[in-house]
Amino acid sequence: MTTVNPIPPLVRKLGYAGLIPFVGLALMVQLAPTPINYLSAKSLAGYGAVITSFMGALH
């Protein structure tokens, strides 16, 4: 029988906090006026690339 260790609450909160930029920038891409939504789209792609590189380093 194996025991599953639950994720500590602080780690869970930090994980969910990492979603804030994704959600915020995605909303800005959809709702912001034209010059700002292009900047938001570039920022969203850049943030996604940084997170992907960190996840790749974990592997």
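## Leu44 and helix 3

Leu44 counts as partly exposed, at 23% relative accessibility (buried means under 20% relative accessible area, exposed over 50%, partly exposed in between, with a 1.4 Å probe and protein chains only). You'll find Leu44 in helix 3, which covers residues 34-58. Helices here are DSSP runs of H or I with at least four residues, numbered from the N terminus. Follow the chain 14 residues from Leu44 to Leu58, and their C-alpha atoms are separated by 21 Å.

## What you're looking at

This is a predicted model, where local features need pLDDT of at least 70 and side-chain atom pairs count only at pLDDT 80 or more, while totals for chains, interfaces and linings use all residues. Residues are numbered from 1 along each chain as its sequence is written, and side-chain values use heavy atoms, leaving out hydrogens and water.

## How helices 2 and 3 pack

Helix 2 and helix 3 pack at an angle of about 155°, with their axes 8 Å apart (axes are lines fitted to C-alpha atoms over the stretch in contact, and angles run from 0 to 180 degrees between N-to-C directions). That makes the pair roughly antiparallel, a label for angles over 145 degrees.

## Over to helix 1

Now hop to Tyr16, which lies in helix 1, residues 9-17. Tyr16 is exposed, with a relative accessible area of 54%.

Technical notes. Helix = DSSP H or I, 4+ residues; strand = E, 2+ residues; numbered from the N terminus. Parallel < 35°, antiparallel > 145°, perpendicular 65-115°, else oblique.
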